[in-house]
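Dear colleague,

Please open it first, and then read my notes beside it.

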Amino acid sequence: MMNCKEALPLMHEYLDGDLQGSEALQLKEHLISCTACHALFRELERTDAIVRSLPPVSVPDTLTAQIMSGLPPVKKRNSWMDWIRKHPAVSVAVVFAAVMFGSFTSMWNDDKNLMVKGSDLQDVVIQGDTVTVPKGHTVNGDLVVQRGKLKVEGDVTGNLIVIDGTLNLASTAHISGQVTQVDEALSWIWYKIGEFVGMLSN
């Protein structure tokens, strides 16, 4: 048996001419047995008849243009944002490089301590912030000195790298590899990147 809640949407369908078959028959049976729904259906019929009797409303041809002109302008999309969405891998690489750059710059500014690095440091003399390779002694492999004064009187069989410090080569000094001095943050960053790549390739 149909209840009033089920009958209401079917009334609208009936008035629109869309209700047929068993549902139309069930609605008629409900309207016969329910005086409240019958009265409501009669009100809906009258309203529907009034609406259908109204003359058609004419719409000016310029209405669409008027409505469109009243709308706010469409915001122009950023072409660089579109490019980032299309190239996520490049975007991640740029962000990584920016983070690394910031990290290296921070390390450059914050680190004030002497650092001596090499595979053979037994003949190296360290006094305060001064690192000395004495005359007649040999350092095998690379020698890296950061934030200090490097004085070479003997031999270094590898590369010599001085970062944010000073280098003094005596006339008796002999360096087999390259001598590199890194005095600026940007040069140091390139050095650290090269060192990092070198570690990955080993």
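What follows is a short account of the charged side chains.

Please keep in mind that this is a predicted model, and that every value below was computed from it.

By the rule used here, in which a side-chain nitrogen of Lys or Arg lies within 4 Å of a carboxyl oxygen of Asp or Glu, the count comes to three salt bridges.

Helix α3, which covers residues 35-53, holds both Arg 42 and Glu 45, and their side chains meet in a salt bridge with an N to O distance of 2.5 Å. These two residues are three apart, about one turn of the helix. Arg 42 counts as partly exposed because its relative accessibility is 37%, and Glu 45 is also partly exposed, at 28%.

Lys 151 forms a salt bridge with Glu 153, where the closest N and O atoms are 3.4 Å apart. Lys 151 has a relative accessible area of 34% and is partly exposed, while Glu 153, at 22%, is partly exposed too.

Finally, a patch of negative charge on the surface brings together Glu 13, Asp 16, Asp 18 and Glu 23. Asp 16 sits in the loop between α1 (4-15) and α2 (21-33), and Asp 16 counts as exposed because its relative accessibility is 51%, where exposed means over 50%.

Note on methods:
Residues numbered from 1 in each chain as written. Predicted model: local features only at pLDDT ≥ 70, side-chain atom pairs only at ≥ 80, totals over all residues. Heavy atoms only, no water. Patch = residues over 30% accessible without salt bridge, like charges linked within 9 Å, V, L, I, M, F, W, Y side chains within 5 Å. Areas by Shrake-Rupley, 256 points an atom, 1.4 Å probe, with all protein chains shown as cover. Lys, Arg positive; Asp, Glu negative; His and termini not counted. Charge placed at Lys NZ, Arg CZ, Asp CG, Glu CD. Helix = DSSP H or I, 4+ residues; strand = E, 2+ residues; numbered from the N terminus. Buried < 20%, exposed > 50% of the residue type's maximum accessible area, 1.4 Å probe, protein only.
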